[in-house]
Amino acid sequence: MKKFKYAVVRKPSQSMTNGLTSADLGKPVYEKALEQHSNYVEALKQCGLLVKILDPREKFPDSCFIEDIAVCTPHCAIITYPGAPSRNGETDGIEKILQKYYTEIEEIIFPGNLDGGDVMMVDDHYYIGLSERTNIHGANQLIAILEDYGMTGSVVEMNDMLHLKTGINYIENGNFLVTGEFIDNPSFEKINQLIVPEEEEYAANSLWINDTVIVPEGYPKTKKMIEDLGYSIIEVDTSEFRKLDGGLSCLSLRF
Ligand code: CIR
């Protein structure tokens, strides 16, 4: 099944070594991050996507995590209002880029905060995590926009993780990779949960694209679980992005 046609990514900036993080894994090595990023782009291309690569922005150390600045639906794109003050300005210029692909572009406005990493698309429904980066104003604005275009949204209470998709991701065909606080979250009681073991928690952020699942390198149990379901797998090493709490989904917009 082909669902996505395009991806937009932003090359990491040298300033990424000063990116936000709660991980205690040391600073990313820039050269290594660039190499991993280019392998990631190759993986997206292998999944059949046309990839637009944006220039690095030194002013914004976290700007390679482009997923957070927009929500791209089949009907419209929504420019977010990122919840971390150091990331607010990252949305500058994204409208012009998205206009090449979309005629309908909406935006989240103050006092709404919303990070794209908190938004999980499941067909026409969007789950929105109320994290430290996404508030109820942002979530409600997004739900109203989605409804204008015939889609729906609902909020998910959360306590521990950075973003919703840090701990739960939809890999289509009714299958969700789930870990940590989301295993027992009432919003996800009725779904088909593929439980990612605690020691492989990071791999819950694996990325479905057109029937291939891109999995972070070094998480064999999760990889096998996904493979056993019949998906094709591409492994990409994201160790340098993990040092900044970033995973595979964070590094692109896909639509
Ligand atoms: C941040 O804290 O904002 C970045 N260091 C990591 C963002 C990861 N993005 C995502 O999960 N969508």
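This is a predicted model: local features need pLDDT of at least 70, side-chain atom pairs count only at pLDDT 80 or more; totals for chains, interfaces and linings use all residues.
In total, 13 residues surround the ligand. The closest are L20, D62, R87, L244 and C250. Two of these, R87 and L244, return below with distances.

Take the arginines. The side chain of R87 places an N or O atom 2.8 Å from an oxygen atom of the ligand. R133 also takes part: a polar atom of the R133 side chain lies 2.8 Å from a ligand oxygen atom. L244 works through its backbone. There, an N or O atom is 2.7 Å from a nitrogen atom of the ligand. How much of the ligand does the protein bury? Taken alone, the ligand exposes 350 Å², and the protein buries 98% of that.

Next comes empty space. Rolling a probe the size of a water molecule over the atoms shows where such space is left. The space taken by the ligand is the second largest cavity.

The largest pocket has a volume of about 670 Å³. It is lined by 31 residues, and those closest to its centre are S22, M161, L162, T166 and D245. Which classes make up this lining? Nine residues are nonpolar, eleven are polar and eleven are charged.

Conventions:
Residues are numbered from 1 along each chain as its sequence is written. Side-chain values use heavy atoms; hydrogens and water are left out. A residue is near a molecule or strand if one of its heavy atoms lies within 4 Å of it. A polar contact is a pair of N or O atoms within 3.5 Å; within protein, one must be able to donate a hydrogen and the other to accept it, and residues adjacent in sequence count only if both atoms are side-chain atoms. Accessible areas come from the Shrake-Rupley method with a 1.4 Å probe; for residues, only the protein chains shown count as cover. On a 1 Å grid over the protein atoms alone, a cavity is a set of points where a 1.4 Å probe fits but cannot get out, and a pocket is an open set with protein on both sides within 12 Å along at least five of seven lines; lining residues have an atom within 4 Å of a point. A molecule sits in a cavity or pocket if more than half of its atoms lie within 2 Å of its grid points. Grid points are joined across faces, edges and corners, and a volume is the space filled by probe spheres set on the points. Ala, Val, Leu, Ile, Met, Phe, Trp, Tyr, Cys and Pro count as nonpolar, Asp, Glu, Lys and Arg as charged, and the others, Gly among them, as polar.
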